[in-house]
Amino acid sequence: MEKTQWQEGPSRPGRHNRDRGVILGIKNNVVLTVVVAVITTYFLSSQWHAPRHQETHTYQVDATDLEYGIKQCALNQRRPVVDESLGSFRLGARSSAGPRTILHNATLINGDGTVTTECSIEIQDGIFTKVSRAPADDPVPASSDDKIINLQGRIVTPGLVDMHSHAGVRETPQLWATEDVTEISAPVTPWARAIDAFKPHDQAIPVIASGGVTTSLILTGAKNQISGEGVVVKMKWANSVRDMLVNTTGSSGKPQRYLKMAMGENQKRQFEHSSTGPSTRLGESYWYRKAYDNAARLKRQQDRWCEAASTAQGLMSITQEYPHSLEWQTLVDVLRGDVRVNVHGYETEDILAMFDHADEFGFNITALHHALHADLVMDQIKARDIAVVGFSDSWGDKKELYNVSSYLPRRISEYGIPFVLTRDHPALHGQWLIYEAQIAHHFGLDAESTISSIISLPARLLGLDNRVGFVRPGYDGDLVVWDRHPLQVGATPLEVYIDGKSVTRASDSLWETSESSLYTREAPTSRSSQVPETSCRPGLSDIVIRGLKTSFVGNDGLRSENPETGNVTVVVRAGRIVCVGGNKCDNVATQALEDEVPSMELKDGYMLPGLTVVTRQHGLTEMRQEPSTADGFSAGEEYAKPLSSQFGIKFDGIHLGRAYRSGVTRIVTPPLTEGFFHGISTLFRSGATSILDDGAIAKSSAALHFTIGHSAKSSLTPSITSQISKLRDLLTIDKNISPVYQSAARSEIPVVVHTNNKDVIAHMVALKRETGAHIVIVGGSEAHLMATELAEAMVPVIVAPFWGCEPLFWDSRNCLPGPPLTDRLGPQVLLDAGVKVGISNWDDTNNHIRNSIWEASWVAGPGNQSLALDLVSKNIEDILKLPRSRDFVAYEGNPFNFGASVALIFEEGKARSCYPDVDEN
Ligand SMILES: *[C@@H]1O[C@H](CO)[C@@H](O)[C@H](O)[C@H]1NC(C)=O
Ligand SMILES: *[C@@H]1O[C@H](CO)[C@@H](O)[C@H](O)[C@H]1NC(C)=O
Ligand SMILES: *[C@@H]1O[C@H](CO)[C@@H](O)[C@H](O)[C@H]1NC(C)=O
Ligand SMILES: *[C@@H]1O[C@H](CO)[C@@H](O)[C@H](O)[C@H]1NC(C)=O
Ligand SMILES: *[C@@H]1O[C@H](CO)[C@@H](O)[C@H](O)[C@H]1NC(C)=O
Ligand SMILES: *[C@@H]1O[C@H](CO)[C@@H](O)[C@H](O)[C@H]1NC(C)=O
């Protein structure tokens, strides 16, 4: 157990009652000799000059105050340090009592991405004690208490480090009572401390740990500008935050400390209507400068006090106690260089304004967080030696992160700027930090930098790379055993150790399946973004495609049950596929080439039908927080004349574009509503340029959509009771108000119900039994609890998002976190029970759609590409009674894993796109 870092940290003004022992026994009428003794104690190792004379005097200030001040002056000379020798000190100081855990034959991917095979790793007394390459040369004799595990080559990494988390201060499921992330009573609250609000029983903590994250910097929020000090914790279950703290204090006696500041949209939004502002970035800068101006003034007062106290003469002239202020001391500490400054901000103007403030007041910035436009000002960031702590797949949602480059991580890292990935839990669930890294790797960040970005680099930026971020003797025993290479789709920890103790371990059956050769120990190859010379041109209706390893598209141009594999050629004539296969297509291909049909040669090619997914707002919303970029919300009460989204779809957005260029060619979106009733959804082509294009909107598509839950703001259906009973009425006694409900009651058009909650789902099963309507659940976080009933009643579920377990809200709190905590993911339980399942996305930010095939592949497991594909194409078509896709998409590389890229999109009889860059319009 560690004490709070403040117990051995610099004493703060007003807190000197916590400074134990040193000055005991001194009475109020102090004599100079005593003061000199105090000075000697504190100043010996500093450049401070102690007064030389030893005469007896009385002073104008209370002795305790004087001593306190002098102590502060000494501390002001010191900075926090990272003790490089901590590891060897720990190894030397060990009494070596506890039992050992010895892991044999591990493939160690260390915190910087370096790989060592056949490692033996010994953990004892909470730390790594031996890491050796050749166990045979150096056999470790085991005692009976020791635990010996042969990993048979499985991959281990140090525990992951997430340096931007709000676990414990924004508990999930979110409740008003536990929302303690930002003290929004003022724009500037540097005195606030995450540790004071930290809830060790946040149920997210063990779930995050089960994703391999062992150390987190818990930051205060970004709703105001200087939100306070963060705290570093280990993600282990405890009753007290003190049992989770990492000792950040080094030999200088000062702890590493972390400040959170934030600029940009959030703060304007938060204080727009407050009399103090800020309501613009102008105001934000004023508040920063004002705060640092106060701090700089206080620091000068302190420095003058210390200057005076440095001579005997001066000491006697001091008339006031050491200047202090609870409000501003944290920022004084920033100015002294004692605090690592972490700044949230996206736009270049935010970054540059912050640089100005830093220069004006003389503080350094450790890391720019989020900073998703940092690639535009890399020279300035690098010159200042600042790190970027970002995301790999956050874009589109609001102006400041609208058009973020998919290649940001690679660009920043290749420029030589330390790049770290984070999840900002619970904005993105902290369990999936590894997924964040996998996506960065897909878009070109090399494997070593990707591993570093979630392990050794964040450790270094926390000033803790002397104890976490590496598997090295003397380091904290934080370790993850993986079921496959951590950058492979679906990679999952089998066991996680924190401080030498196993905090989660997968079932034996998961350990066993991970021995299968499908669980590969290689990183997927991330392809170069260079477009090859190719004869593929948009507009072609004749083309020969060679070099396919697998085609899921058959001779009829539709999905085939048994994929063609080997060395496959596809011949397209006059807009239709005429042959798919190996040698059997030789003649057709030769003929086509003689007819001068262009041909394209793929490397490791794959051909799939275009994917079809259901979303919340594609085509209807660009930036969720900017109403002018959205279709607007229907009142949600047009029951007699349900609206169809087809009149609102717009085709030029970044959301459609990126989904399309990733192979999602068809999207279903219902009208937006803030109520319970959406209206009728539309199936449309994500790649169309307008409604007037061939087949831009499918004529046959139609499903009725309802959202059942507390988010519904409709005045007519405020309660869940009223929502369910309204739906029942529309399918029964009120069905004659529109032919749509008659069709729905006859099961001709699907009735899609968006909900996560198990009991609402049960009501829907009952409603299906009662009415026979074709009810479909979308969402379904808790659907696994009703798996048998759903299967029996033949109610399909489109799980969205697929991991189904980001229990942000109460009505989805019983979601399944998946391995290693549970054997199965929610959608897998449904599949096992025989429920028809699709995978989609229904999140607000909407940017996961382009990842659909990976997420489907994650659910299907390695080696079941057919199922993966069905989850995002055929099953969705079946569930929503949609026409089959006749589009096809050719990829270079295996699209079921990371690293592949789209080579050709063919729709409506024509090649539409050749080697598209996912970002470009
Ligand atoms: C380690 O495991 C791999 C994979 O199972 C195996 O091929 C290798 O022989 C093992 N090495 C040792 C030293 O046991
Ligand atoms: C924290 O670490 C410092 C430096 O290694 C050490 O002096 C101090 O005793 C430690 N504190 C606790 C509570 O272990
Ligand atoms: C800022 O960083 C520079 C370079 O490392 C260092 O010399 C200076 O002391 C730092 N200033 C503060 C206030 O931390
Ligand atoms: C695949 O088949 C084509 C002709 O059908 C041939 O030219 C090519 O060499 C083959 N590739 C491999 C890897 O066998
Ligand atoms: C793929 O998953 C489906 C559905 O769970 C199952 O029926 C099928 O046997 C699996 N196929 C393989 C190759 O594992
Ligand atoms: C986004 O940025 C890319 C690269 O700079 C550019 O090609 C594209 O047109 C931009 N898209 C939008 C919608 O602004």
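Helices (H or I, at least four residues) and strands (E, at least two) are DSSP runs, numbered from the N terminus. With these labels in hand, the tour may begin.

The structure is a predicted model, in which local features need pLDDT of at least 70 and side-chain atom pairs count only at pLDDT 80 or more, while totals for chains, interfaces and linings use all residues. Residues are numbered from 1 along each chain as its sequence is written, chains are lettered from A and ligands numbered from 1 in the order in which they are written, and side-chain values use heavy atoms, with hydrogens and water left out.

**Stop 1: the domains.** Colour domain 1 (80–158 + 470–524), domain 2 (161–468), domain 3 (543–608) and domain 4 (611–884) separately; these bounds come from an automatic or database domain assignment. The centres of domain 1 and domain 2, taken over C-alpha atoms, are separated by 30 Å.

**Stop 2: where domain 1 meets domain 2.** Select the 32 residues of domain 1 that are in contact with 34 residues of domain 2, contact meaning heavy atoms within 4.5 Å. About 2,800 Å² is buried between the two domains, and carbon and sulfur atoms give 60% of that area. Buried area is the accessible area (1.4 Å probe) that two parts lose on being put together, summed over both.

The interface of domain 1 and domain 2 also holds 14 residue pairs in polar contact, both residues being at pLDDT 80 or more. A polar contact is a pair of N or O atoms within 3.5 Å; within protein, one must be able to donate a hydrogen and the other to accept it, and residues adjacent in sequence count only if both atoms are side-chain atoms. On the side of domain 1 that touches domain 2, at least two residues each come from helix H4 (86–93) and strands S5 (155–158), S15 (479–482), S16 (493–498) and S17 (501–505). Of these, S16 gives the most, with 4 residues.

**Stop 3: Asp 499.** Select Asp 499 in the loop between S16 and S17. Asp 499 has a positive phi of about 50°, although it is not a glycine. Its salt-bridge partner is Lys 236, and the closest N and O atoms are 2.6 Å apart. A salt bridge is a side-chain nitrogen of Lys or Arg within 4 Å of a carboxyl oxygen of Asp or Glu. The rule finds 5 salt bridges across the interface of domain 1 and domain 2, and a search of the whole structure finds 55.

**Stop 4: Arg 94 and Asp 125.** Next, display the salt bridge between the side chains of Arg 94 and Asp 125 (3.7 Å, N to O). Arg 94 lies in the loop between H4 and strand S1 (100–109) and Asp 125 in the loop between strands S2 (115–124) and S3 (127–132), so the pair ties together parts 31 residues apart in sequence.

**Stop 5: ligand 1.** Show Asn 105, Glu 118, Gln 152 and Gly 153, which surround ligand 1, each with a heavy atom within 4 Å of it. A polar side-chain atom of Asn 105 lies 2.3 Å from an oxygen atom of the ligand, and one of Glu 118 lies 2.8 Å from a nitrogen atom of the ligand.

**Stop 6: a cis peptide bond.** Finally, select Thr 172 and Pro 173, whose peptide bond is cis, with omega near -10°. Pro 173 is in the loop between strand S6 (160–165) and helix H5 (194–197).
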